[in-house]
Amino acid sequence: AVVSTQSTGMNVRVDTARRHHVLRPTAGRICAIRLFGREGFQIVVTIARAKLRCDDGDFMKLYPDNQGCEGEVDVCEPGTTISTQSKDAVVLVRAGQSGGLVKIRVKLEQKEEGVMSSVCDGTCISTEGIVYTEPHTSNAGFTITPPSPDLDWFPVRRDTYIPLDMNTRSLKIKTSRLGFGRKISIKFSHNRYRGYGYQGQIGLSLRSGTRSLVFEISLHYCTTVQVAVPHGYSSVLEQVFTFSRIPAVIFGRPRIIVEWNDRQILDQELNGRVCDHPSWGIYWESPVDHIMFASGYMADTASEYYTSSNLVIWDKIQV
């Protein structure tokens, strides 16, 4: 199937068969195509042909839906293939005064990372901590075994969905690796209808501020804030960061609380004034019952061990 469009409203359902789509933006206009796949698969886009003058302002951009604007990929060379790690994506093409043409091939492929089966239907989620009732195997081919009951801290395993009810628990992360170029990054999800729905992502990294070091805390699909690094921080010593996601039902708006060694460094209410993404509420106002230390986009490169504790609200909120 070959599809041509000059408007910005074309939606295309993608399947596992390779399909061709042609985008022909007229002079000075942007042409868009939105690609829809299905759960457990990623969209793969190949640039088969490109008649663009990228040095003169023409462009082609690809946006995986699960990464927002931060996941923007600029492409211009024919033969380029992008694996999006997302079941949906948007392609934008802009042409200058002479117009342009882009031919793409799209298909669905099974995701290689982070695709878990839903054998944990909620019965293995415990508000007493991170507990698996029995070993189970993901459809990515590896086995998850229950942690030993006499251990408080568990080694981080990336690209694995971990049951954790963030409505009643706080996530604690232990690390001695949060230096420059490394990041703590946690994806939130909810196991709706046996499919893991994306419910936001939080990242924490070390940056050089105007006058001192800062923690940069990014709330995906919302905002990024910087807070001063407390006195006594050392990237080579063991640190404990605590992340609490206060549900909207408590105060009317969701809140994110971050602590360093039991010292609060962030208390952020999320609302339409703070969040610059129009769909922020879809991701941050929903319940969370799983987390993931991800690789790939916004990869977690600093977390070493994790555990959880009871969510204590009144000790955290500054009133």
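Helices, labelled H or I and at least four residues long, are DSSP runs numbered from the N terminus, and in this predicted model helix H1, spanning residues 248–251, contains Val 249. The points below take up the surface around that residue, then the hairpin formed by strands E21 and E22, and finally strand E9, which pairs with E4 and is also joined to E6.

- Together with Ile 250 and Phe 251, Val 249 makes a nonpolar surface patch of about 280 Å².

- Strand E21 (residues 255–260) pairs with strand E22 (residues 263–269) in the antiparallel sense, and six bridges connect them.
- Within this pairing, Ile 257 has Asp 267 of E22 as its bridge partner.
- Two residues lie between the strands of the hairpin, and Asn 261, which sits in the turn, has a positive phi of about 50 degrees.

**Strand E9 and its two partners**

- Strand E9 (residues 88–94) is mostly covered, with five of its seven residues buried.
- Strand E4 (residues 30–36) pairs with E9 in the antiparallel sense over seven bridges, and Arg 34 stands opposite Val 90 in E9.
- Strand E6 (residues 59–64) likewise runs antiparallel to E9 and is joined to it by six bridges, while Lys 61 has Leu 92 in E9 as its bridge partner.

Note on methods
Residues are numbered from 1 along each chain as its sequence is written. This is a predicted model: local features need pLDDT of at least 70, side-chain atom pairs count only at pLDDT 80 or more; totals for chains, interfaces and linings use all residues. Side-chain values use heavy atoms; hydrogens and water are left out. Patches are made of residues with over 30% relative accessible area and no salt bridge: like charges are joined within 9 Å, nonpolar side chains (Val, Leu, Ile, Met, Phe, Trp, Tyr) within 5 Å. Accessible areas come from the Shrake-Rupley method with a 1.4 Å probe; for residues, only the protein chains shown count as cover. A salt bridge is a side-chain nitrogen of Lys or Arg within 4 Å of a carboxyl oxygen of Asp or Glu. Two strands pair if DSSP finds at least two bridges between them. Buried means under 20% relative accessible area, exposed over 50%, partly exposed in between (1.4 Å probe, protein chains only).
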